[in-house]
Amino acid sequence: MNTAYQNRIRALVCSLLLCAVQAFGQDTTKVAPADSLSKTLEDVVVTAMRTPQQLMQSPVGIEKVTAKDFARSAAPSFYDALQSLKGVQMITPSLGFRVINTRGFANTTNVRFAQLVDGADVQSPHIGAPVGNALGPSDLDIRSVELVPGGASALYGMNTTNGMVNLFTKKPFEQPGLSVQQKAGINHVHSAVAPAKLFAETALRWAHVWSSKLAFKLNGSYTTGYDWVADDRTDLSPLANASTGLLGAGNPALDPVNGYGNESSNRRTLALQGKNYVVARSGYYEKEVADYRLQNVKADASIYYKPTGNATLSYTYRRADFNTIYQRSNRFRLQGYVLQQHALDYAGSFIRAKAYVNLENTGRSYNLRSMAENLDRVSKTDDQWFAAYASGFNNAVGQGLSPAAAHGAARGFADAGRLQPGTEAFANSLHRLQDINNWDSGAALRVKAALAHAEVQVDLTQQWLQHWKKRTGVELLTGMDMRSYVIVPDGNYFINPDVTKAGRNLVYGRWGAFLSASRNMLAQKLRTGLVMRLDKNDYFTPRLAVRATAVYSPNTKHSLRLAVQNGYRYPSIFEGFSNINSGGVRRVGGLRVMSQGVFEASWLRSSIDAFATAVNRDVNTGGLSRSAAIEKNKSLLRQNSYTYLEPEAVSSIEGGYRGRLLKGRLFVDVDLYYNRYRNFIAQVEAHVPLTTVADSIPYALYDRRQQARYRLWTNSKTVVHNYGAALKARMDLGKGFIADGNLSYARLQQQENSDGLEDGFNTPKWMVNLGLSNDQLWGRWGGGILFRWQDSYYWQSFLVNGQVPAIAALDAQVTYAFAKQPFRIKVGATNLTNHYQASFLGGPQVGGFYYTALSYGVR
């Protein structure tokens with residue numbers, strides 16, 4: 001669909017929406033009363049203990065924000081605004097894909113942090129984590145957000161070892177009516193990699209109450225834009241040819257961070273004119289193989305029924321069809337990617353039950369690295385290319401060129417006939433490879449998967465044990481849940497490891513149950529709690545998670561809290577069952593059923609690389625023959641000592657204080673925590689020599705064509721201790737001014753038995769957010785400003801390691817609310833000064849984003 005046609009469609013949609021506004025204008029969304037600081041503190045939260053309680057009495061750290069708070073924010077969406085919460089680190093792999101994390105060990109697929117919508121997990125099943133807010137609510141339907149930093153495994157058991165966030169939507173019984181929002185924005189202003197690009201989002205919400213028992217709501221949104229571009233050209237292998245003096249741009253093993261097809265698996269050591277050179281294929285830059293056009297079409301429909309006055313039964317269907325950039329170990333173009341969810345929910349006075357199914361289809365998505373590798377191979381196979389390179393080098397040296405110049409001439413000779421970006425032949429080949437579901441010869445990501453979940457929780461003392469509760473003061477809550485993942489084997493990414501079930505769906509399941517007990521003591525000033533949870537996953541023995549809590553509130557203005565807990569994270573589908581060949585390296589799930597025998601027969605790639613470097617050095621500078629150098633250095637080789645996957649484990653202790661000071665005008669919230677992690681689920685690269693003859697193994701491990709290369713999911717042997725603190729302060733300054741600020745500190749304390757496989761801490765030591773807002777700054781004008789800062793930190797990943805520079809940004813917004821019509825205009829900007837900066841290494845440079853939002857039916 002061309003741009004002009006899209007614009008005409010958008011104009012038609014907007015016209016129809018405005019007509020609908022006039023037709024249904026009398027049935028607008030109810031306007032919430034002006035909030036106050038005291039009202040905010042009395043907001044009920046349910047995430048912390050699964051039962052309603054006031055924020056001041058929550059036994060763990062929790063951040064609650066409402067639609068009113070999001071309206072004050074300068075962020076372009078409620079989801080973007082979450083990055084300013086206390087203790088939250090948000091990284092940006094894509095404009096359409098942002099990742100939330102707390103308490104350290106961030107990565108681009110944060111499988112330790114759960115994201116729920118109305119209590120239902122919205123993760124992509126095969127990824128094991130959500131793709132940003134692709135399947136979540138729009139700004140029009142968000143009611144509030146509750147974010148728990150730190151572990152919640154004892155109650156939820158959904159791999160919430162780092163935290164969880166629960167997004168609550170508006171209920172049609174409480175907020176009926178029509179609301180519409182149109183956003184228009186621009187990014188890539190003064191960008192070095194792309195011209196300025198437009199962004200647009202159209203959203204609609206309609207909720208209607210048919211009777212006191214029946215209501216429904218509909219939501220829909222359509223988003224288009226142009227993604228941030230990742231174009232870091234830093235060489236990841238600058239010393240590959242140091243022994244020959246070829247450094248910088250003259251390095252024949254050049255491997256740019258965002259250049260693909262020139263990684264380790266695309267390199268060979270060539271013996272040329274008496275020296276060994278490490279040579280990489282040329283590859284392509286990401287912006288040459290990626291489509292950065294962003295699009296998300298999502299909708300949901302819900303129907304609510306009240307069989308009795310205090311019970312509600314609801315069914316919700318959600319669907320999202322989107323195109324964006326996604327990052328894991330490699331970066332992917334998600335295209336025509338479809339996520340769906342069917343959710344059934346029952347909420348009664350003492351029982352809650354929920355069942356939902358998530359369906360995933362990756363559409364025509366593709367791996368950017370595999371795409372670059374196989375585009376290179378269209379003109380020449382690897383063998384042909386390296387042979388041509390050697391011939392070109394020898395000819396150039398024979399003509400009197402220096403080694404450095406000869407390498408340049410050799411690359412030009414080998415690249416003759418190579419596909420050139422921007423040509424029709426290049427575009428046709430990219431389109432063809434996009435549909436080849438084999439990463440040795442294509443780049444397609446073709447996964448169909450499902451997640452089925454059912455849970456129930458019962459308040460025992462409210463219904464059956466009321467007399468016991470009166471006698472003992474103990475409240476009991478219990479619940480259980482079951483979950484199954486179903487993967488359709490595609491023959492490339494996933495297979496069914498059971499040979500008797502070849503071609504049949506792969507099923508991975510778990511169940512869990514918890515019992516929670518709590519009691520008020522000391523004249524209602526002390527509330528203690530204990531939660532025990534038993535989880536059983538396929539392929540693992542049962543695990544017990546326990547959380548003990550205490551909250552002391554001497555009065556309604558102050559509370560102290562303490563929690564001690566442990567939790568577990570089980571392998572996701574791709575960690576346990578992946579079976580894919582990527583660039584000649586087969587990534588294999590770490591369950592015994594997938595990798596039986598590979599661990600025992602393999603050698604660590606880290607030792608193989610050190611061995612090869614030493615051999616090349618002795619050949620190039622020591623005058624040894626290749627055979628002599630191999631014999632001299634073979635003691636550097638190390639067999640793989642890692643083994644099959646076990647669950648990750650974390651133990652933690654955390655405490656905090658909440659208080660209302662200065663006659664209730666100042667709210668203060670402090671968190672302190674200490675964690676101990678073990679059995680980090682990680683990846684180890686290990687190669688199996690294609691020989692069992694002991695004397696021949698070192699020679700096979702020097703020649704990549706004589707070995708099978710693997711990347712295996714396993715557990716790190718490192719035990720990690722980290723600690724941190726966070727402070728939040730919110731003050732009513734009078735005359736409508738609200739000052740918000742938070743400060744977070746996170747520190748990696750020590751590592752025992754360090755082996756380097758554990759996830760990088762990947763977290764700034766300090767993060768600061770300082771904001772000031774006023775809904776009625778002048779007449780019907782409001783505004784707000786936010787300053788964000790995080791210090792430099794070290795990023796560790798399979799793609800790239802290094803220091804991430806400190807980030808500082810200024811966000812601002814102004815709003816105008818019409819007097820007689822429920823219209824609201826908001827003009828805002830994030831990174832107002834347009835300073836381009838990356839939130840992590842390997843990701844895009846993010847600049848200023850400037851937008852206008854026109855809303856109807858929302859105040």
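Tutor: Accessible areas here come from the Shrake-Rupley method with a 1.4 Å probe. On that basis the chain exposes about 33,900 Å², and carbon and sulfur atoms supply 59% of this area. The model is a predicted one.

Now the sheet. Five strands form an open sheet in the order β29-β30-β35-β34-β31, and their pairing is mixed. At its edges are β29 (579-582) and β31 (603-604), each of which pairs on one side only. Strands of a sheet pair through backbone hydrogen bonds, in either the parallel or the antiparallel sense. For strand β30 (residues 585-588) and strand β35 (residues 707-715), the sense is parallel, and the pairing runs over four bridges.

Among contacts in the chain with a separation of 6 or more, 67% are between residues 24 or more positions apart. Of the 859 residues, 57% are buried, where buried means under 20% relative accessible area.

As for overall dimensions, the C-alpha trace spans about 90 × 60 × 55 Å along its principal axes. The radius of gyration is 29 Å, which agrees with the value near 29 Å for a compact globule of 859 residues. Finally, the charges: the chain has 93 positive and 65 negative side chains, and the centres of these two sets lie 5 Å apart.

Terms used
Residues numbered from 1 in each chain as written. Predicted model: local features only at pLDDT ≥ 70, side-chain atom pairs only at ≥ 80, totals over all residues. Heavy atoms only, no water. Pairing = 2+ DSSP bridges. Helix = DSSP H or I, 4+ residues; strand = E, 2+ residues; numbered from the N terminus. Rg over C-alpha atoms; globule rule 2.2 N^0.38 Å. Buried < 20%, exposed > 50% of the residue type's maximum accessible area, 1.4 Å probe, protein only. Contact = heavy atoms within 4.5 Å. Lys, Arg positive; Asp, Glu negative; His and termini not counted. Charge placed at Lys NZ, Arg CZ, Asp CG, Glu CD.
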